[in-house]
Amino acid sequence: MIARGLRYAFGAALVLVLAAPMLRADATVDRLVFEAADLHYKGEIDKAADMFEKAAAADPKNVYVQNQLGVINVKKKNYAAALKNFSRVAALDPRNTFAMRWMGLLLLREGKMEEARVWFEKALSVDKKDADAYYFLGTLYYLAHNPEKAIFYLKKARDADSDEAETHYRLGGSFADVGMVKNAQLEYLRALAISKRHTRTKNALGWVLYNQEDVEGAMAQWRETLDISPQDTEARENLARANNSLAWQAFSSGNRIAAKRYWQQTLVYDPKNKAATYYLDMIKQ
Amino acid sequence: MKPFSEKKERKQSAEGHPLFGRRVFLRAAGGLSLLALPLTALPFPALARENAMDLCMAGQDAIASGDFAGAVGPLAKAVSLEPENDWCWGLLGRAYHGLKKIPEAVAAFRKAADLNPSDTYSRMMLEMLTQRPVARQEKPQKPMTALELEAEKEERLIAQRLSASSGLSYQVRRVVIDPGHGGFDPGAVGKGGLKEKDVALDIALALAEILEAGSSVQTRLTRTGDYYVALSDRTAAANQFRADLFVSIHINAAEKRAARGFETYYCSRKASTKEAERVAAFENTVVKYDNPAASEPGFQIDLEAMLLGMEQELYWKKSGTFAETFQKRSESALPFESRGVQSANFFVLRRAKMPAILLEAGFISNPENESWLARPEFRRKIAMAFAKGFAA
């Protein structure tokens with residue numbers, strides 16, 4: 001309690017002393033920025049925006065303020081306004097990679113993939129180890145179903161900073177796309193080591209295992225997905241498909257008891273599965 | 001003030017905050033290990049037995065008097081004694097910042113904000129400092145696991161024969177072809193007894209054969225014989241195969257026997273606004289499970305949800321482009337009347353995680369169309385016309 005009290009007591013004074021090199025030697029702007037940042041954190045984005053606007057009026061070249069306004073505009077889905085904020089920063093500060101990545105993302109959102117790529121590459125020209133710029137470039141190619149280029153950039157993102165599950169997830173997918181199943185498996189496991197509830201990774205890892213004939217391992221992944229997210233349609237469909245396939249194998253080899261059990265399981269995951277319903281009726285008859 | 005409990009504030013990691021982590025790209029300096037500083041190296045033996053609070057007070061006094069170098073020593077010791085003390089970390093960040101040691105300042109501010117996300121000053125400084133590139137520390141190498149060794153071997157074998165094209169145009173290499181119906185479900189049946197399931201399978205088999213022979217496109221069929229495959233199974237097959245395009249083949253039927261011709265369907269946002277909303281809602285749920293912090297409304301920019309939305313939008317748009325191309329190519333190659341491109345809410349299309357189209361190759365209920373469709377050479381002609389659609 002004492003420490004907390006002291007911190008707040010000294011906090012305001014320290015802002016004025018230390019923030020000066022970053023902002024301007026203008027106490028009013030400093031105070032506005034600090035209070036706006038606090039409101040922003042607390043989720044009061046309209047009030048934060050008002051205060052940042054006041055700071056921007058007093059200090060139009062403050063790139064931090066423009067970036068914060070951009071982020072708030074994204075949250076409010078005012079994408080055109082956000083694009084203006086980030087574009088202003090990019091014009092004012094040629095090393096502001098934060099604004100550059102946002103420019104790329106907002107253009108990607110508009111489907112302008114080539115223009116988005118230019119901004120991510122600009123960020124990389126400033127910082128060759130920008131993990132996020134690599135990630136977004138990799139994602140661009142991932143969306144274009146160009147796995148070789150996706151692997152190229154996502155590996156760089158991974159090597160620059162491997163603390164994001166999404167990087168490993170998309171890299172795993174790209175490896176799977178070119179048939180590098182061990183690498184796919186490894187990256188999916190890395191994603192799950194970071195975020196064990198990453199259900200998209202679990203669903204995708206399931207197929208990588210299944211395609212290597214580890215059916216039980218695959219089904220375990222999908223069942224775990226349903227433990228996390230019981231409504232996950234993809235995991236349900238995957239489990240239904242796997243059980244249906246097992247039922248077919250059993251039925252074809254004359255093992256009707258096992259076939260019945262697997263088709264019943266199919267219906268657990270996909271109650272409207274016409275194939276399972278039909279063949280179960282047939283077995284009964 | 002938002003009524004956040006202290007517990008909740010502390011529980012919420014910096015990653016969960018809208019301005020941290022990839023969500024707004026503020027990661028920069030990766031984990032500088034300030035704790036690794038040997039205590040004996042610190043130049044203030046008189047404070048050695050003091051507690052973190054006293055050390056922080058000393059550091060704070062030094063900062064207030066502008067002696068940043070003098071502040072670093074006691075503050076570094078304080079955080080080594082009490083690594084969970086966010087206040088000490090914040091002060092250490094200030095001291096480093098005063099010395100213009102930006103990577104160290106970033107690491108200390110990050111630690112302070114991780115420990116106490118409501119520390120506005122540390123958070124704000126972190127945001128400001130990481131707008132521009134910050135130097136990072138190399139991570140130590142760990143011994144490789146068995147799977148990592150296998151992966152490395154695989155990469156040596158496969159990666160070198162991969163050749164990348166630099167374009168961002170959508171690439172189709174794997175296609176899942178889905179002959180509609182099958183088994184106990186004949187689909188539509190013509191007056192002459194021709195069954196949709198048989199025609200669809202025949203066209204699908206021919207299409208797969210043509211594509212495999214004439215290009216680098218790999219194909220997979222959802223069924224290769226006369227058996228029924230559930231709808232959910234068909235889209236799951238496309239996901240299993242990681243298809244770039246899903247093509248479902250059907251034959252149309254209508255009560256009016258005069259109806260004839262072929263048409264191509266795709267699933268679009270316009271066709272199914274409710275479905276688009278459902279998909280978006282589901283994807284947001286997925287992100288919520290993937291990253292529990294994303295469920296904080298108003299605080300978080302769900303960047304991955306944004307990307308997933310873009311992905312869905314892109315696939316729907318591409319589906320429309322593919323549908324137009326298939327229809328156009330078929331118009332010139334087939335005697336069928338063109339009924340154009342339609343968008344609709346078919347299960348197999350909306351559940352696919354890639355561009356997906358559904359081809360209705362004529363009307364089995366139309367006597368003339370049925371007689372054409374009954375001829376194997378005509379079915380092959382249809383398959384060849386469809387194959388040209390992939391040349392787009």
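These are my notebook entries on a predicted model.

**Conventions.** I number residues from 1 along each chain as its sequence is written, and I letter chains from A and number ligands from 1 in the order in which they are written. Because the model is predicted, local features need pLDDT of at least 70 and side-chain atom pairs count only at pLDDT 80 or more, while totals for chains, interfaces and linings use all residues.

**Entry 1: chains A and B.** I looked up the interface and found 79 residues of chain A in contact with 71 residues of chain B (contact: C-beta atoms, placed from the backbone, within 7 Å). On the side of chain A that touches chain B, helix α1 (residues 2–18) gives the most, with 7 residues. Helices (H or I, at least four residues) and strands (E, at least two) are DSSP runs, numbered from the N terminus. That side of chain A divides into 34 nonpolar, 18 polar and 27 charged residues. Here Ala, Val, Leu, Ile, Met, Phe, Trp, Tyr, Cys and Pro count as nonpolar, Asp, Glu, Lys and Arg as charged, and the others, Gly among them, as polar.

**Entry 2: Ala58(A).** I located Ala58(A) in helix α3 (residues 45–58) of chain A. Ala58(A) counts as partly exposed because it has 15 C-beta neighbours inside 10 Å; a residue is buried with 20 or more other C-beta atoms within 10 Å of its own, exposed with 12 or fewer, and partly exposed in between, with C-beta atoms placed from the backbone. Leu32(A) is 26 residues from Ala58(A) in sequence and 9.8 Å away in space, C-alpha to C-alpha.

**Entry 3: two helices of chain B.** I examined helix α11 (residues 303–333) and helix α14 (residues 376–388) of chain B, which pack at an angle of about 135° with their axes 8 Å apart. Axes are lines fitted to C-alpha atoms, for helices over the stretch in contact, and angles run from 0 to 180 degrees between N-to-C directions. The contact is made by Phe326(B), Arg329(B), Ser330(B) and Ala333(B) of α11(B) with Ala385(B), Phe386(B) and Lys388(B) of α14(B). By class, this contact has 4 nonpolar, 1 polar and 2 charged residues.

**Entry 4: strand β3 of chain B.** I found 8 of the 8 residues of strand β3 (residues 245–252) of chain B buried, so the strand is largely enclosed by the rest of the structure. Strand β1 (residues 174–179) of chain B pairs with β3(B) in the parallel sense over 5 bridges (pairing: at least two bridges found by DSSP). Ile177(B) stands opposite Val247(B) in β3(B). Strand β6 (residues 356–363) of chain B also pairs with β3(B) in the parallel sense, over 6 bridges. In β6(B), Glu360(B) is the bridge partner of His250(B).

Technical notes: Contact = placed C-beta atoms within 7 Å.
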